[in-house]
There are 2 protein chains.
Amino acid sequence: MNDQLLDVVGIGNAIVDVLAQADDAFLEEQGLVKGAMTLIDAERASALYNAMGPGVEASGGSAGNTMAGVAALGGRGGYIGKVRNDQLGGIFQHDIRAVGIEFETPPAVEGPPTARCLIMVTPDAQRTMNTFLGAAVDLGPQDLDLEMIRRAKVTYMEGYLWDMPPAKAAYLEAAAAAHGAGRKVSLTLSDSFCVERHRESFLELISGHVDLLFANDHEICALFQVDSFEEAMTKVRGHCEIAALTRGEQGSVIVSGEETVMVEAESVEQLVDTTGAGDLYAAGFLYGYTQGKSLYDCGRIASIAAAEVISHFGARPATPLAAYVKQRLG
Amino acid sequence: MNDQLLDVVGIGNAIVDVLAQADDAFLEEQGLVKGAMTLIDAERASALYNAMGPGVEASGGSAGNTMAGVAALGGRGGYIGKVRNDQLGGIFQHDIRAVGIEFETPPAVEGPPTARCLIMVTPDAQRTMNTFLGAAVDLGPQDLDLEMIRRAKVTYMEGYLWDMPPAKAAYLEAAAAAHGAGRKVSLTLSDSFCVERHRESFLELISGHVDLLFANDHEICALFQVDSFEEAMTKVRGHCEIAALTRGEQGSVIVSGEETVMVEAESVEQLVDTTGAGDLYAAGFLYGYTQGKSLYDCGRIASIAAAEVISHFGARPATPLAAYVKQRLG
């Protein structure tokens, strides 16, 4: 039996990204909402892929990216997510294990292929995502490694899981197992459209089961149906132990009990592709948190990790992240 | 019937690249020869992949990269190469069609999977390639679209094809079809180890069937078993209409009849990954040649196209290549 203590276990949709450059005219032609994550079916995925330019494939998935970030920073982690036993599933499995993350969720042996996310990156570095969930839709309670969850200081989950009932059930079971073992539970709201789809049950979830919440300004405003970030900050206080709220170039704000910690954004020489920015912010924060750092330091590590990932194409770190953070922290 | 005139048809091993960063210690551990292309079997491919870091997948194959470059420059082209009807084969097919290249070679419906090339990029930007040929080994005369070859001003082939007897037979049949239609035939020597494996038959081939030859300094020296580039230059003259010989940072030399044209290398701000340098040099040269440019201009376009591809990770153009070349040509 493996009884090694882990820092973070991530649970999410196991996805291979297909990244391509596109212009605004292409988004318009295809009726795509810039910056959003849209769920698409197999037929639409095929039509959109046919219309897209040449792509680059890389393992993705929000929580998968976060776990790759935690590992790159030196943290120990595990991942739970569902691929199919096909070539893309093999790629996902290889890449997450190659960075040192435990990944033992058995792949599906029948049914739809491994999930893919068609990502258009426009010249303004924004990413627009279209996800065919494929095998990931079958993620359910039966896939949870509860022992792994109990070994982890934090269990981190994507809001995206809330789109599928079995994954939602898995979420609740995982949260109960983590709390039962005296561990923490963390959630990212993932996407403002995802929040719109599931607002009521997200609010219930956060109040009852979430210790650390991640959200960007759009998501937190959508959650509380308010127009201003300040209002959202007031509303979220007390709902969970810590809320880390990101605001792009304006940095982030960490709200915890009576405390409010402002963290500046990290400057980047060249903004290339925002894919993975939120995922790596969460990675940096969770790494800092599980190492016992102050909230400000957690936010700083988070911002630096996010800065690295937006300075190149793709959603996972491309440079040795621990050294990058160390150098910038000074 | 499609009777559109094409600039170039490329014939080659249809391969998906798996690019990963690696250090010299990893190459040593794995017994890899830096800078070379080594053929590996399925078992070795699996073991090496398991040992590698996380990868990025992108369509590759030497002639495939060249054709993507020709298309990016504004040329019209076709490609002949064998994939399997699997996910990686779908990726290869999508990417080459997405840039506007005709690709109709039927995928294999049984047998080994689509070829992959495990590429380690070391901090010195050198690439070390390990190719599992998979379905590409079945490329043979039956896969040739002779009508497409007759429509193309130049039929361009990889020396790598010489490693497999059916591909070699296809090569000779394609060359005969091209010449029968009054077209030109072009070859790249591909790799000095490949030249060592097939020296005698390459020499016969070049004298009898090649009009435009591409080679780097190591390859041309290996072909003639000489130590100096100057000697190799003397030897190659007269063997074919044009020989374009590349020398990395020292630029290239084009030998044609009594003419010798020297072309400076194009400077790059940051050398990131040399994967595809030779392939894009050939793309630029063939594009210029089929547009009736002077040998010097062909060499210039070639050098600029190569400079673009070595300034980023991956073997195909990542920036709009026609505009990049136009700007640098001045």
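Which residue of chain B comes closest to the rotation axis? Before following that axis, note that this is a predicted model, in which local features need pLDDT of at least 70, side-chain atom pairs count only at pLDDT 80 or more, and totals for chains, interfaces and linings use all residues. Residues are numbered from 1 along each chain as its sequence is written, while chains are lettered from A and ligands numbered from 1 in the order in which they are written.

Chain B can be laid on chain A by a turn of 180° and a shift of 0.0 Å along the axis, with an RMSD of 0.0 Å, the copies being superposed by least squares on the C-alpha atoms of residues with pLDDT of at least 70 in both. The two copies are therefore related as by a two-fold rotation axis. Of the residues of chain B, the one that comes closest to this axis is B:Glu57, whose C-alpha lies at 2.4 Å.

Where the chains meet, 19 residues of chain B are in contact with 19 residues of chain A (two residues are in contact if their C-beta atoms, placed from the backbone, lie within 7 Å). On the side of chain B that touches chain A, the elements that give two or more residues are β4 (56–59) and α4 (87–98) of chain B, where helices (H or I, at least four residues) and strands (E, at least two) are DSSP runs, numbered from the N terminus. The most comes from α4(B), which gives six residues. The same surface serves both copies, since 100% of the contact residues of chain B recur in chain A.
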